[in-house]
Amino acid sequence: MKFRSLALSTLSALVLSGCAVGPDYAPTPPRPASSGPFLSADDPAFTPAPLPADWWRLYEDPVLDSLVQDALRANTDVRQALARIERARAGLRGARGDRLPQSAIGAGATYGRVPEGQVPPGADREDWSYDAGIDVSYEVDLFGRVSRGIEAAQADLAASEADANAVRVMVVADTTRAYADAASGAERLRVAREIVELMNQSLALTRKRHEAGLESGLAVARIATLRDQRAAEIPLLEAARAAALFRLATLTGRAPAELPPIAGERSIVLEIEQPLPVGDGAQLLARRPDVRAAERRLAASTARIGVATADLYPRITFGGSIGSTGPDVGDIFTGGPLRWLLGPLLSWTFPNQEPVRARIDAAEADTKGALAAFDGAVLVALEETETALSNYARAIERRRALQSAREEAERAFRIVGAQQREGQINSLDRLDAERTLAETRAQLAAQDAEVSRAQIDVFRTLGGGWSGG
C-alpha cells in the first residue's frame with residue numbers, strides 16, 4: 001500500500017509539473033513604419049477616420065445592399081471557404097479528443113488444440129475458445145505533445161476563418177464592382193448615343209448644305225465616317241454592360257436569367273463623393289484577413305515544433321483491460337473466467353532519435369517559411385493599399401482635367417456652330433470641333449467608370465467588407 005501511494009503521488013507530481021516543450025508563440029509586433037498614416041492618404045480625397053465594416057452602405061443604394069447580402073449567403077467561393085472552416089473544426093475536435101481516454105471493445109472465437117499437460121481433467125484437447133473484453137488507455141501529456149497539437153489545430157481553425165473572411169472581402173468588392181460596372185456601362189451608353197445623335201444632326205445639316213451647293217461631298221463623307229465610328233462603339237459598350245450583369249449574377253449565386261431586373265436599372269455612376277475613410281497602417285494590419293491568416297499559420301507552425309520535440313521524450317500511457325475467456329459463449333456473459341490488467345506503458349525512441357530530430361528540423365523550417373509568408377503578407381498589404389490610394393487620387397485628378405477639357409470643347413463647339421451659321425467656316429471646321437467634343441465626352445464617361453472602380457479597389461485593399469471579422 002505504501003508503494004502504491006508513493007507511486008500515485010509521484011505520478012501526480014509529474015503530471016502537475018509537466019510542461020509543453022518547444023517554443024512558445026508570441027505575436028510579432030508590426031514595425032513602426034507599418035503602423036502610421038499612409039503616405040498616399042495625404043490628399044483631400046481621404047480622411048483618417050476608421051473604415052466602417054459595411055463600407056458599401058456608404059453608397060446608400062438599397063439594391064446594392066441586397067445584392068451584397070445575396071453574395072455573402074450564396075456565392076460559391078464563400079460556400080467553399082465555409083466548408084474549409086468545417087474541416088478545420090473537425091481537426092480541432094480530433095486534436096482535443098487525444099486528451100480523453102481511448103477505449104476499444106474486442107471479441108473473438110478460436111478453435112484449437114492445447115498441449116496434453118495443460119488440459120484440465122475431463123476436458124477435450126480440441127475445442128472452441130471465446131474471448132471478449134474492453135481496453136482503456138490514457139496518455140499522460142507530460143511534455144505537451146497533445147497540448148501543442150491542440151494549439152496548432154486552434155491556429156489552423158483561426159487561419160481558415162481568416163481565409164473565409166478574405167474570400168468575403170473579395171466577393172463583396174467584386175459584387176460592388178460588377179454592379180458599378182453595369183451602372184457605368186449604362187452611363188457610357190447614354191453618352192455614346194447622345195454623341196451619335198449629335199453626329200446625325202450634323203450629318204443631316206451638312207447634307208442639306210451640300211444639296212444647296214454650300215458644302216462639298218467630302219464634308220458629307222467625313223461626317224458620316226465619324227458618325228459610323230461612334231455608332232460602332234455602342235455594341236461594345238452594350239456587351240461590356242451585359243457581361244457585368246452576368247458576372248453579378250454569378251457572384252450572387254444565380255444563373256444569368258435569375259438576376260432580378262432591378263439589379264441593372266441604375267444608370268448613374270456609383271460613387272461616394274465625400275472623402276473616403278481609410279484609417280492608418282495599424283488598423284489595416286489588424287483588419288486585413290490575409291495578414292491575420294498568415295499570422296495564425298505562423299502560430300500553428302510554431303506549435304508543431306513542440307509536437308515534434310515531444311517525441312524526444314518518453315511517452316507514458318496508462319491502460320487497463322478487463323474481459324473474460326472461456327470455452328463457451330455463455331461464460332462471457334455469466335461471469336466466467338475473468339481477467340484484468342492495469343499498468344503503465346512507457347514508449348521511447350531512444351537511442352535512435354535521428355528521425356525525430358529530422359522532424360523537428362522540418363517543423364522549424366516550416367516555421368521560418370511561415371514567418372517569411374507573414375512578413376510578405378504585411379508588405380503586400382501595405383503596397384496594395386498605398387497603390388490603390390494613389391491610383392484613386394490620380395484618377396480624380398484626371399477626371400477634373402477631363403471635365404475642364406469637356407467644358408472647353410463644348411464652348412468651342414458653340415462658337416464654331418455660330419461661325420458656321422454666319423458663313424465664316426465650313427462643315428469640315430465644325431467636324432473638328434465635333435470630334436474633339438465627342439472624344440472628351442467619351443473619355444470623361446470612361447474616367448467616371450475608372451474613378452468608381454478605383455474607389456472600390458481602395459475599400460478592397462483596406463480589407464473592408466465583412467463585419468463578422
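These legends walk through several close-up views of a predicted model. Residues are numbered from 1 along each chain as its sequence is written, and side-chain values use heavy atoms, with hydrogens and water left out. Since the model is predicted, local features need pLDDT of at least 70 and side-chain atom pairs count only at pLDDT 80 or more, while totals for chains, interfaces and linings use all residues.

**View 1. Helix H6, end to end.**
Here is helix H6, residues 217–251. Helices are DSSP runs of H or I with at least four residues, strands are E runs with at least two, and both are numbered from the N terminus. The expected span of a helix is 1.5 Å times one less than its number of residues. After H6 comes Gly253, with a positive phi near 75°.

**View 2. H6 alongside H11.**
Helix H11 covers residues 427–461, and it packs on H6 at an angle of about 10° with the axes 10 Å apart. Axes are lines fitted to C-alpha atoms, for helices over the stretch in contact, and angles run from 0 to 180 degrees between N-to-C directions. H6 and H11 are therefore roughly parallel to each other. (Angles under 35 degrees count as roughly parallel, over 145 as roughly antiparallel, 65 to 115 as roughly perpendicular and the rest as oblique.) Contact means heavy atoms within 4.5 Å. On the H6 side, the contact is made by Ala219, Arg222, Ile223, Leu226 and Arg230; on the H11 side, by Ser427, Leu428, Leu431, Arg435, Ala438, Glu439 and Ala442. Sorted by class, that is seven nonpolar, one polar and four charged residues. Ala, Val, Leu, Ile, Met, Phe, Trp, Tyr, Cys and Pro count as nonpolar, Asp, Glu, Lys and Arg as charged, and the others, Gly among them, as polar.

**View 3. H5 meets H6.**
Helix H5 takes in residues 145–211, and its axis comes within 8 Å of that of H6, crossing at roughly 165°. That makes H5 roughly antiparallel to H6. The contact of H5 with H6 has 22 nonpolar, seven polar and 11 charged residues.

**View 4. Glu434 in H11.**
Glu434 belongs to helix H11. With a relative accessible area of 1%, Glu434 is buried. Buried means under 20% relative accessible area, exposed over 50%, and partly exposed in between, using a 1.4 Å probe and protein chains only. Setting aside residues up to four places away in sequence, Glu434 touches Leu198, Met199, Ser202 and Phe413. As for H11 itself, its 35 residues should span 51 Å at 1.5 Å a residue, and its end C-alpha atoms are 50 Å apart, which agrees. Gly463 follows H11, with a positive phi near 85°.

**View 5. H3 and its cover.**
Helix H3 (residues 62–74) has 13 residues and reaches 18 Å from first C-alpha to last, close to the 18 Å expected. Its buried residues include Val63, Leu64, Leu67 and Val68. Among the elements covering the buried residues of H3 are helix H4 (76–97), H5 and H6. Asp65 of H3 also counts as buried, at 16% relative accessibility. Apart from neighbours within four places in sequence, Asp65 is in contact with Trp56 and Arg57.

**View 6. The loop that holds Glu60.**
Glu60 lies in the loop between strand E1 (46–47) and H3. Glu60 is not a glycine, yet its phi is positive, near 55°. Glu60 is exposed, with a relative accessible area of 70%.
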